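Biologist: Could you take me through one part of this structure slowly, beginning with a single sheet, and then show me how the surroundings are arranged? I am new to this, so please go step by step.

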Amino acid sequence: MTVLTDIPEKWLPVVLPIKKKKKAGFGGGKSKKKRTEEERRVKANDREHNEKFQYANNCIVTSKYNILTFLPVNLFEQFQEVANTYFLFLLILQLIPQISSLSWFTTIVPLALVLSITAVKDATDDYFRHKSDNQVNNRQSQVLIRGSLQNEKWMNVKVGDIIKLENNQFVAADLLLLSSTEPHGLCYIETAELDGETNMKVRQSVSVTAELGDPNNLASFDGEVVCEPPNNKLDRFCGTLYWREKKYPLTNQNMLLRGCVLRNTEACYGLVIFAGPDTKLMQNSGRTKFKRTSIDRLMNTLVLWIFGFLVCMGVILAVGNAVWEREVGSLFQSYLPWDPPVDNFMFSAFLSFWSYIIILNTVVPISLYVSVEVIRLGHSYFINWDRQMFCSRCNTAAESRTTTLNEELGQVEYIFSDKTGTLTQNIMTFNKCSINGQTYGEVTDPLGKQPKRLDFTPFNPLANPDFCFYDEKLLESVKVGDLHTHEFFRLLSLCHTVMSEEKSEGELVYKAQSPDEGALVTAARNFGFVFRSRTPGTITTTEMGRTVTYSLLAILDFNNIRKRMSVIVRNPEGRICLYCKGADTVLLERLHPCNQELMSITSDHLNEYGADGLRTLALAYRELSEDEWEAWSESHRCADKATDCREDRLAAAYDKIEQDMKLLGATAIEDKLQEGVPETIALLSLANIKIWVLTGDKQETAVNIGYSCKMLTDDMTEVFIIGGHTVQSVRQELRSARERMMELSRGKTEGMEAWAEACFMGNGMKDGQEGDCTTGRGSKQLHCSSLPPSASGDMDSISGEFALIISGHSLAHALEADMEAEFVSTACACKAVICCRVTPLQKAQVVELIKKHKKAVTLAIGDGANDVSMIKSAHIGVGISGQEGIQAVLASDYSFAQFRFLQRLLLVHGRWSYLRMCRFLCYFFYKNFAFTMVHFWFGFFCGFSAQDVPDHRSLEYPKLYEPGQLNLLFNKKEFFICITQGIYTSVVLFFVPYAVLSDATQSNGVPLADYQTFAVTTATALVIVVSVQIALDTGFWTVFNHMFVWGSVGSYFTIMFALHSQTLFRIFPNQFRFIGSAQNTLLQPVVWLTIALATAVCVVPVLAFRFLKLDLKPQLSDTVRHTQLVRQKRRKPGGRSIGGAWRGTGSVSEGRLGARGGSRRSGYAFSHQEGFGELITSGKNMRLSSLALANFASKHSSSWIETLRRKKTNHTPPSTSGECSPAPSNVSGTCPALSNSSSVLGGSQETPIEEETDAAVVLSSSSHPAASEPAEPRAPAQVAPADSSTSAAARTDSPGGWARSLETVQEALFGRRGCASASNTQVPPCDATETPPH
Amino acid sequence: MMASSYNAKEEDGHHSGSSTHGGTGAPKNKKPDNTAFKQQRLPAWQPILTAGTVLPAFFVIGLIFIPIGIGLYVTSNNIKEYEVDYTGVEPNSPCYDCANSFTWNSTTPCVCTVNFTLTQPFESNVYMYYGLSNFYQNHRRYVKSRDDSQLNGVQSSLTNPSKECKPYLTNPETKLPIAPCGAIANSLFNDTLELYYSQPDGNTSKVTLVKRGIAWYTDKNVKFRNPGNDKDNLTERFKGTAKPVNWLKPVYELDPSDPENNGFINEDFIVWMRTAALPTFRKLYRIIQKKPDSTPTLASGKYVLKITYNYPVRSFDGRKRMILSTISWMGGKNPFLGIAYITVGSICFFLGVVLLIIHQKYDTRSNSADIPN
């Protein structure tokens, strides 16, 4: 149990291109073996035998260097950097006296500095890697050696060892489960580290080994396992156990993988199959590449170009030198003879070429790289310091763990996000319920008073103190003894597969298969219906303080098709009752007709809940007479015993009894999103960032979350689901999805009529597919937006909002080489992509795919170990800290506590970093060219920032982000503009002083055209020109800007005067021969006039050009700034910070309510696994003690696991099943009231009457297609116009002055459909054609 | 609604309340400091290039530059300058013979005279320059070829000059170190110029040329110093060194008449050592002091320039000139500056007008405060 504290450690290697430990023979042998290993043979308890194969041991190495290899390896790596090599080369050149034009230390000092700083950083990084490796490798585990358990370090665990694991311990290697303390060799594991799923999983040992039990028997176990070689497939294992002349097949069900945690199991024993680097966890960790930003790459290219330019200049100058030496120099020899080794002009030219290379090397100054690093470091600190990215709950500030990627944050185009723990908190809360037509739950107090949390303790000593509920009406109702309410909670306390553990009296711990079931049972517990314990045949509860034991007659278990579960119980009075909970779509059609009215009310509530993004469940019950029970029991037994089609028969039997039920109500569970997730996603997608969710979770869960975090919206044109199992079907699905998109976008461009027609056709197609049950895996249209997006919206070739949902097995096909392109082109046309059931490696593959095909900057965000590979392969990896260990954080480049900080990271910091970096580079190149071309520059110039728009503005206008994605600010064109400007400046700086000074004299008659005066004049002019230039470039003049700009000018003069002072000259007369130049030069008015002239000539064209650009083709950021200025002036009196007005515009919940009218989504099905009912009734998972109580024969004791397995392998995607279930279209016919009332509800209250009726008409017609496919869980009850009307309402709410900008954002949010008010007029054409073809 | 509903600031404010009141038990609050710098919220002035700021700037620049330019131009025009080329390229020029008959080892100097007429009198101080053309005093090897340490009188450098001075490091025959070493010193301009005024009455009077005060103060007093002890004879102090190859006399005989102007601190030498930035340059040679009475320094009339022709430039097509010039507050004659100022000012003004028109006609943003999102 205490081992849990161990979690903060690093499982996954930070870096894997390991120069493998150069242990003689070992590494080489291993790699050779790796190539040839075709199968693995492991013999238990036989180290000698296993050593023959040289399997990797359990030691993991993620560090790169050791003390001996550090220097050579690190230097080698550093000199792979072009710049470093270049400077080394220069250094060598400068050591040749004939060439050397600058002293050698001007190069070696910065070079050595850069090298040593990098080396220190690398060494520190590696030290921590060593440390964490050591920590992991030195963990203790109990190994069975010669019949006794001994403590061994993890690194000494060998393949073939048998190790003992205790509860809550990490699994040390990939183990074959041999036996456990639980009955039947069962054990529970949590695989969150591997795949991110936090629910528990069951593993069972092969029955023969399960019987071995204690260490003594295990010590003599000598079975041999033959299995597949190490691979990265987490969900597959294939092997055979040979023992005592018998063969036993082994599957993944028998394996405990490294990284899992043992739960709810006292102890278990396992045989090490794969160790260390061979484990699936390690095999799944992607290779790390050194991350570079695109600016880095561009910079390197440019540096190469500049180098080319340099060589050209060198050649030109060398040729010039040759000509000069021949024409002039040879004659000039009386005054200036050639150096001794030079005997002709050609050789002189050759030497001068190299000299010029050295002199002009300042075009590619090493300070560029240093400065870039410094700027990045500064930005990193700003990220670390940002209070708005600080999570006070977990006391974690954002951390930028890499300092080299900041500006790339401003260029992100794709975000790959994990779901659990990243988008969601992975907490299910019982949020609302509807009981007998009365809705309970969060009361939205118009006064905004914080509702009081209910205190259950006085009423119920068994209540869970963590449970939150705010509506006291419900508690009143329970206390009053309302029958419906009691029955409601009784159902919740009985109908589930939760196991309870009562450690001491009243201290209950529920172990739920799915978190939402746990939430429901906990809710019942708090409202006085406490589930205490269960045996295979009974359920004991405490109802309002009274202990009641129900006998459990049957569990009608959940599966994907049924989407419901029921229990049949007999209460102490002998009354038999069936309690059922399930997806509303399934349940509502099984109600007794007398429930009509209640049903419509509940249905409204369900719609409401669904629109709020809650997972809903409908609850119903039915009383059974003894006869009915007997009859059904018989048929059930019959079905159960059947050998063929057992499942179908069972389903039919279940179906028979789950009829004519009475509706009790509905529950709404919130899969708690992290704070601000929908807003963040909306904002990011406005910034044209595409968000992909990659999750290991089920499709339904993922889609549901997609809806609740507004990734998928009801006004998406279409949502495609790819779920094919074969290459062909996946290809087909992708193609048809693309064709649909083309079709729809074509339709759209042809105007309204065509649009409406496309909708019509879409519906037709959907109907056609619905009828087609056998091949119904094609992409389905879920929804055809009733409103065309505004024509003004910017659209790509494929316009409209599409979403793609793809499952893991389809993804596997889609990622194959020949499908890649197809997948990418389809997926990238979609606004949102959700990949479910993906393995960690697939996550990385998807990221790689986009990197490869789209050449876009990608960002991966996740929190668990399963995200590590993705985080590493994306350009930028972001780790969410504090949820599931810190593996993701350790592998990430940035980490913070909440998903919503992403918007700030990207839109504020990323944008700023990018802008600053771009400006810096432009300026730097400009400066260098200006400087190098005139050859002189004394001062050191650094430090400025280019903030241009305040942070809240960045968030307000996400479009501001786009220039970064398009890489507008620093590309080759900008670069050329910069250097052209630089060259122009240098020309001016040279020729203006030239023209002026050549004939000028001091006011005392001494000529000014001497070398030193000229240099000082030019350099001063240069400093002043570039300072003015930076002043022009600076958009934000803070204290620091003033300090640095003035400071650098000041320091230039200070340094110059110092260098030209007598003191220095006296000490080093040869080095400081400029003595007196500064004073002499700068006292001359002519010099200052020259400088002023040069400055004007340099700056005026730039100023004019910029003004023209700004005036005629303003960029968005300019406009924002301009507008801000105008507004500031306008609102001067009393105008507080913009934030103030911003603040008043609503809260999260308001936004939620505004989106009311979305599709209803039932939640229960999504996080549940079938088979647990059987597990419970079989009594298999009960401890022996409890099992003894009820010797209730396990009807299918021998078969349940097999059944479970079979079901698992035949697992059919729910989407398919949904279609195949009988879809009685009469539902839509029988309850028109449902859709109508919901639509009225959807249309916001404040809407004018004619609008409302208008909307209602549209709604009733448009929701028909939705109602006609009740089996479809996400069938969107379309209330799109409601959106627009609420947004219109919202507009009237928003405070006056800021309405405009808010509106813009809103409208963009709601599908960019132009003006909200206009949307109503656009409705009718759709209305006409959208009527479904009944 | 959604985008606006999340407000980080609001939340921030909320939290800061709790953290400033003592962090409620958290052992170490990692919350970053709320300083304007760390939160990047420093008060800032945001200059924006609007028509209201840019256009006036142009006009102001124009309005400032044009008058300055006119002033400079007028000043420059008032400066009188006279130039004589005495290289002797043309056969009829007075120094043709000297230029052609020059050999390095001739001991008898060749003298030639050039006559010229000043049409206008030169008022106040007149400065006399020699000018050289096509002379690469800025060549990298040339510029390097000196030893400032030696010139500063450091004894060790005197006897052991810097390698930079090669090939004028040691005398090839005597192997003695050269003082002053290097190519610059070796190529010291050693023509002697004398000016005579042919008075209207037929007499010629020598114009007094002042040879002190032509070098920078710092050069004369700090940078250049004779080696050794001041009390010793200068010849003694330079003992053990050789004269530069091209020189006719050693460094301690540059101006035997004035000990303050001899050796390394000879001003002609100092002026020469201040290398020119361009291949065509002039260097101050002598100053003709203003006369105490009101007569012009150089009256208009005929003058004779007597040249001791020692310095060969024909081999590299060089030219030698003698320049007489007066000086204003801004130095010598310099028409370029004035013209440039006038031009730039006019361009600015013109640009301002053009931009104003463009702005009025095509401006896209001043009309509304709308933001296309």
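**A sheet in chain B and what surrounds it**

Modeller: In chain B, 4 strands form an open sheet in the order 1-8-3-6, and the pairing is antiparallel. The two edge positions are taken by strand 1 (81–85) and strand 6 (281–288) of chain B, each of which has a single partner strand, so one side of each is left without a neighbour in the sheet. If direction is ignored, neighbouring strands of this sheet are turned by 20 degrees against each other on average. Please keep in mind throughout that this is a predicted model.

Within the sheet, strand 3 and strand 6 of chain B run antiparallel and are joined by 7 bridges. To find one of these pairings for yourself, look for B:Tyr130, whose bridge partner in strand 6 of chain B is B:Lys283.

The largest nonpolar core has 72 residues, and B:Leu195, B:Phe269, B:Trp272, B:Leu298 and B:Leu324 are the ones that touch the most other members. Strand 3 (residues 126–133) of chain B gives the most to this core, with 6 residues. Taking B:Leu195 as an example, and not counting residues up to four places away in sequence, its contacts include B:Phe116, B:Met128, B:Ile288, B:Leu298, B:Val304 and B:Leu324. There is also a second, separate core of 51 residues, which includes A:Val143, A:Leu212, A:Cys227 and A:Phe274.

Elsewhere in chain B, an unreviewed UniProt entry annotates residues 48–74 and 336–358 as "transmembrane region". In the model, residues 336–358 of chain B are 100% helix and 0% strand, with end C-alpha atoms 32 Å apart. From chain A, helix 37 (residues 1085–1112) contributes A:Leu1093 to this part of the picture. A:Leu1093 has a relative accessibility of 1%, so it counts as buried. Leaving out residues up to four places away in sequence, A:Leu1093 touches A:Val992 in its own chain, and B:Phe65, B:Phe336, B:Leu337, B:Ala340, B:Tyr341 and B:Val344 in chain B. The C-alpha atom of A:Leu1093 is also separated by 9.2 Å from that of A:Pro993, although the two residues are 100 residues apart along the chain.

Staying with chain A, we can look at some other covered elements. Strand 15 (residues 412–417) of chain A has 5 of its 6 residues buried, so it is largely enclosed by the rest of the structure. This strand runs parallel to strand 31 (residues 857–862) of chain A, to which 5 bridges join it, and it also pairs in the parallel sense with strand 27 (residues 690–694) of chain A, over 4 bridges.

After helix 21 comes A:Lys710, whose phi is positive, near 65 degrees.

Lastly, A:Asn526 lies in helix 15 (residues 515–526) of chain A, and with a relative accessible area of 0% it is buried. Apart from its neighbours within four places in sequence, A:Asn526 is in contact with A:Phe456, A:Phe459, A:Asn460, A:Ala463, A:Asn464 and A:Phe467.

Note on methods. Residues numbered from 1 in each chain as written. Chains lettered and ligands numbered in written order. Predicted model: local features only at pLDDT ≥ 70, side-chain atom pairs only at ≥ 80, totals over all residues. Heavy atoms only, no water. Buried < 20%, exposed > 50% of the residue type's maximum accessible area, 1.4 Å probe, protein only. Pairing = 2+ DSSP bridges. UniProt positions renumbered as here; feature names shortened; annotations may be inferred. Core = buried A, V, L, I, M, F, W, Y, C linked by side-chain atoms within 4.5 Å. Contact = heavy atoms within 4.5 Å. Axes fitted to C-alpha atoms, helices over the stretch in contact; angles between N-to-C directions.
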